[in-house]
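Hi,

Here is the structure I said I'd pass on.

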Amino acid sequence: MSLIFLLIVLLVFCYVNAWARDVENLKHGVVKIIAEASGGSRQIGAGIVVRVEQDAVYIATAGHVIAGDRRPEVTFFSKNIIASEHDPVRGSVLPGAQVADDLRGLAVVAVRGRENIPNDVRALVFESSATLMSGGEKALVIGHPGGGGEWTIVQRDISNRVVHDLMLDPGVAPRFSGGPIMLNDKVVGVVMSNRGEFGLGITHNSVLNYLEGIGIKPGGATSRAKKKAPDTHKPLPQTKTGKDGAPMVLVPASEFTMGSSEGEGEEDEYPDHLVYLDNFYLDQYEVTVEQYRHFMKAKNHPAPKIWNQVVLKRDAQKPVVSVNWQDSHDYCEWAGKRLPTEAEWEKAARGTDKRTYPWGWDFNDQLSQANWGGNWASGKWYEEKLKKVGSYEQGKSPYGAYDMAGNVSEWVQDWYREDYYDRSPRENPRGPLSGKKKVQRGGSWRDFASFPRTADRNGRDPTGWDSSEGFRCAQDAIVAEEGSPSTLPVHLKKHSSNSLSTTPAGNDGASVVLVPAGKFMMGSPDGEGAMDEHPQHLVELDAFYMDKHEVTNQQFQKFVETTEYRTTAKRKGSAYGYSVENEWKDIAGANWRQPEGETSVFSSGRGMHTVVAVSWEDAMVYCSWAGKRLPTEAEWEYAARAGTTSAYWMGTGSPGSRKVGNLADEIVKQQFTNWVIVGGYEDGHLRTAPVGIFEANRWGLFDMTGNAWEWVADWYDAEYYGKSLRRNPHGPDKGEYRVFRGGSWSDKPEDLRVANREKGVVSLRRATNGFRCAQDVR
């Protein structure tokens, strides 16, 4: 055998082995997803590991793969699971899943808990956001074979790309949905569906934009094995002592099932639902008479109603009672703590195994586990009915908290609402924003067996008191890096405005403004605005960038010429506008270039005017092309208010001589005599106006009122404010309409209020609707 032949064999052998290793490595970043569809059928797809953390893995997939199942089964192709008894592993679908769109909808599934995650799982690497597919590339596609087996890799041609859509030739099996499209070991797209002989996918940029929109940054540790050493975080102690001297136990971050299944418990405990909670500490015991006595002395706080029954020598270690919700709140605040949320209380009581009582599933009527079932008639409550805290060793919760059932009912932070579980957030829920009653949990010395159940709920007048009502406190658990301060929870340690770089620009070259992180009251106060603007509620947002101006006709033209994109109006052949005959109607031939159906915006000198007659779909595609996204509804209102709290960002009443925006004014009234206008105001423009010629708000943003309604990212729900997340809300998971904000050149004063909300289908295109883009701070 010649030397040359041996060298060729050796090279081929090395190449094949290297390729096999590369293919094998892909297993660590791809998963199989099995979801229970409506009607009990099972649907199977794939998913891409996009982020790896010490205790969590985030997986992107096609939204329709998990439709109808909030806890799909996840199988890692890399089988190195730490504890096999946890099979099957189940993930949680994060808020923001786009399950209604089988062509472009995405979802992220989180798998949490070290015991559920292989040591060698890793995040696949995405192609650079600047890279665009042009068609003709040969890609690898990963999914599941229809005839059995766990996974397979096939080669497909990317035959064409249209904006954010990819066409695969030939098509792929349905079990490839959600799987990656790979070029040179990097993700360039995600498989979505089939149409005829072709497979369909979306580009990696679409996936990256979606991940940014729900707060997931791709990457993390390349594997959990690497993540372990060194660990730069100090481990949280299992116990600690509060300022008031009370011992506290750690309740570690994880998911648990909250509420009761139908047929168990009461209707206000339905539906049972999966909740994720961050780490927190909880008082191991109910607050005692002795502890409360120190609080009264330190704060000169009035004594509870039946304090005259207290004999300190006998009752010092019994729970304090006859305290109302405000008393409980004030004590916890004095102690440097807070009342636990209802979700925190229930998790601390029942753990993660959905137990019926803190100690398990069975109730012992021999009173060895809890103080319950006492005689109501006796008036000697401290002397005869209350027990010293921690008296029932057999009744401890899974985390070592005592008296979570019986002794005293415990006030928690949340307002009570019977149907709250239907709308509760999946992460760190804090209850309704308002109400008439506050929640109590745990049952007391006078209750029977059904009340000490961990899922039992009770709403009580927060100003009331009773001999069976007490409380305990909670505290955030802060994971601090060694050598760094730990005065703030990790999720609040965000960029300060001083530390951020100069404002970036997207592909469209638009100037942007940094909107600083902060809090504001979103919506309208009672007595003001429409019902869908209530309740007014506190929202906290991270810093973000916002386009200084609405997108102009010139910018939109650049986008159309670059991408050859056809807008909704162009495809449909019409747009809704105010015609030359002075009536609102669907105008044939109208589109962004000719919003009145005849004259071009360029021939009439409107290149720097805001673009209109664009749909929500058009706005989304443009922002994606520009490397940005649409702002959320909360971001839009926060940026528009710019620190103000009045109905209009510029104040109240008529703006007078101030040029605050392009509104329905006296000039409009001269031509459209039946319109309601802003009286005594002239802006100089009948329809749209050039961007940036009117007064900016306090943060340097122009035209946040008037000129054009601006599309935002959120689905519309008239009742969303009653269930909105407090921090970085992204709106409902689904809906029939999308939201637009800000009013236009044609709108009356009521419509120009900052809190005003309007809605439209995603294909709506009218001569009053435009948009601007937003961008995350990296």
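Below is what turned up when I went through the model.

Before anything else: this is a predicted model, so to speak of a local feature I needed pLDDT of at least 70, side-chain atom pairs count only at pLDDT 80 or more, and totals for chains, interfaces and linings use all residues. Residues are numbered from 1 along each chain as its sequence is written, and side-chain values use heavy atoms, with hydrogens and water left out.

The overall picture: the chain has 13 helices and 35 strands (DSSP runs numbered from the N terminus, H or I of at least four residues for helices, E of at least two for strands). Of its 778 residues, 54% count as buried; buried is under 20% relative accessible area, exposed is over 50%, and partly exposed is in between, with a 1.4 Å probe and protein chains only. Take the contacts (heavy atoms within 4.5 Å) between residues at least 6 apart in sequence: 70% of them join residues at least 24 apart. The chain exposes about 33100 Å², and carbon and sulfur atoms supply 50% of that. Those areas come from the Shrake-Rupley method with a 1.4 Å probe; for residues, only the protein chains shown count as cover.

Another cis bond joins Tyr270 and Pro271, with omega about -10°; Pro271 is in the loop between β17 (254-258) and β18 (273-277).

Ala613 isn't a glycine, yet its phi is positive, about 65°. You'll find Ala613 in the loop between β30 (584-588) and α11 (616-625), buried at a relative accessible area of 1%. Asn728, also not a glycine, has a positive phi of about 50°. Asn728 lies in the loop between β31 (709-715) and β32 (738-741) and is buried too, at 18%.

Last, the surface. Glu262, Glu266, Glu267 and Glu418 gather in a patch of negative charge. Patch residues have over 30% relative accessible area and no salt bridge, with like charges joined within 9 Å; a salt bridge is a side-chain nitrogen of Lys or Arg within 4 Å of a carboxyl oxygen of Asp or Glu. For Glu, the charge is placed at CD. Glu267 belongs to the loop between β17 and β18 and is exposed, with a relative accessible area of 60%.

Cheers

Terms used: Patches are made of residues with over 30% relative accessible area and no salt bridge: like charges are joined within 9 Å, nonpolar side chains (Val, Leu, Ile, Met, Phe, Trp, Tyr) within 5 Å. Lys and Arg count as positive and Asp and Glu as negative; His and the chain ends are not counted.
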